[in-house]
Amino acid sequence: MKKLTFLLLILTALLAERTNSFAQVSVQIIVAPPLIPVYAQPACPIDGYIWAPGYWAYDNDDYYWVPGVWIYPAQTGFLWTPGYWGYNDGYYGWSAGYWGPHIGYYGGVCYGHGYDGEGYSGGHWEGGAFRYNTSVTNVNTTVIHNTYVNRTESHPTENRSSFNGKGGTTAKPTASEQSAMKENHIPRNSAQLSHEQNAGKDKNQFAKVNKGQPATAGISKVAGIADHAPAPATHTKEPASAPVRHDPAPAKQNAGSAPHNAPVQQHAAPPPQHSSPAPQHATPPAPQQHTAPIQHEAPPAPHPAGGQEHENQGEGHPR
């Protein structure tokens, strides 16, 4: 028993070093995480926020539930690919989530609320604003008007397994997910990190206490974090319609393969463009009046594109 404990300590140290280098697979556990709990999604509190589903994290020799939360995206046009647990060679390893222009592979885990194991059906970016699919997403349409209805996008399953591999989901990365995994990514932001840390301080969120049914499964936004508008886009075209990069596809994973552990790359913004100076007037300028300097306020958050809720494929409003 002592020998096994010693080996686990060595393994933990090696994994910690690997985490600092690749920022992906962060821990390996010999006990499977609990099932994904079923819970109601709170209404979106602010236009432009995106839902990040809840997940099981690990600390103090136990899993604890990090509630699903509405969060401001890393930048306009980016979507959240959730992290997931993967089983391989007797261990459960965690692959961290990330922000990117397309949804990548998250192990086929059905987190619910639009994350049905592949892609995201809760909404999409359009014209620099995020549009919410109210057939999937809980939105107060008296506050947020940038919505639409499409019930055909959602394909939830009854499989509540919280990991990929033997005994869990068996999904393999699709061609589009493989392409998305090669794009530049931005790791979780400070609000998401604070959110996970706060969950780990609540003993009621731990599986040994709640028996897989966490006291708090979803919240509207991170407590103590000021509201943020999405960062401005660094591109002119909507990412959802951008062409997929045609890089050579990676080797296929076996049924028990380890989760994707490619290093996370920071999405670097391009240098600012300098335009030519305006032409000078031939006539002398009029005398200037001495007025108080104008105070420049921060630009407001982007206004939603469109103000009506559109029907897709003849469907009505879900609620």
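This is a predicted model: local features need pLDDT of at least 70, side-chain atom pairs count only at pLDDT 80 or more; totals for chains, interfaces and linings use all residues.
## Overall make-up

The protein chain holds four helices and 15 strands. Of its 319 residues, 40% are buried. The chain exposes about 18100 Å², and carbon and sulfur atoms supply 57% of that area.

Among contacts with a separation of 6 or more, 71% join residues 24 or more positions apart.

## The nonpolar core

The largest nonpolar core has 51 residues. Trp-85, Tyr-111 and Tyr-115 have the most contacts inside this core. Strand 4, residues 62–66, gives the core its largest share, which is four residues.

Tyr-115 shows what such a position touches. Beyond residues up to four places away in sequence, its partners include the aromatic residues Trp-51, Trp-80, Tyr-106 and Tyr-120. Tyr-115 also touches Ile-50, Pro-53, Pro-82, Val-109 and Cys-110.

Most residues other than glycine have a negative phi. Asn-60 is not a glycine, yet its phi is positive, at about 55 degrees. His-113 is not a glycine either, and its phi is also positive, at about 55 degrees.

Asn-60 lies in the loop between strand 3 (55–59) and strand 4. Asn-60 is exposed, because its relative accessible area of 58% is over the 50% cut-off. His-113 lies in the loop between strand 9 (98–100) and strand 10 (123–126). His-113 counts as buried, because its relative accessibility of 19% is under the 20% cut-off.

## Around His-113

Which backbone oxygen lies 3.1 Å from a polar atom of the His-113 side chain? The oxygen belongs to Tyr-39.

Tyr-39 is also on the contact list of His-113, which leaves aside neighbours within four places in sequence. Ala-40 and Gln-41 are on that list too. Trp-51, Tyr-120 and Val-136 complete the list.

## Ile-30: an exposed loop residue

Ile-30 is found in the loop between strand 1 (25–29) and strand 2 (50–52). Is Ile-30 buried or exposed? Ile-30 counts as exposed, because its relative accessibility of 53% is over 50%.

Setting aside neighbours within four places in sequence, Ile-30 is in contact with Gly-90, Tyr-91 and Tyr-92. Ile-30 and Tyr-92 are 62 residues apart in sequence. Their C-alpha atoms are 6.1 Å apart in space.

## Phe-130: a buried strand residue

Phe-130 belongs to strand 11, residues 129–133. Phe-130 is buried, because its relative accessible area of 2% is under 20%.

How many residues separate Phe-130 and Gly-48 in sequence? The answer is 82, while their C-alpha atoms are 5.6 Å apart in space. With neighbours within four places in sequence left aside, the contacts of Phe-130 include Asp-47, Tyr-49 and Ile-50. Gly-123, His-124 and Trp-125 are also in contact with Phe-130.

Definitions and conventions. Residues are numbered from 1 along each chain as its sequence is written. Side-chain values use heavy atoms; hydrogens and water are left out. A nonpolar core is a set of buried Ala, Val, Leu, Ile, Met, Phe, Trp, Tyr and Cys residues joined through side-chain atoms within 4.5 Å. Buried means under 20% relative accessible area, exposed over 50%, partly exposed in between (1.4 Å probe, protein chains only). Helices (H or I, at least four residues) and strands (E, at least two) are DSSP runs, numbered from the N terminus. Contact means heavy atoms within 4.5 Å. A polar contact is a pair of N or O atoms within 3.5 Å; within protein, one must be able to donate a hydrogen and the other to accept it, and residues adjacent in sequence count only if both atoms are side-chain atoms. Accessible areas come from the Shrake-Rupley method with a 1.4 Å probe; for residues, only the protein chains shown count as cover.
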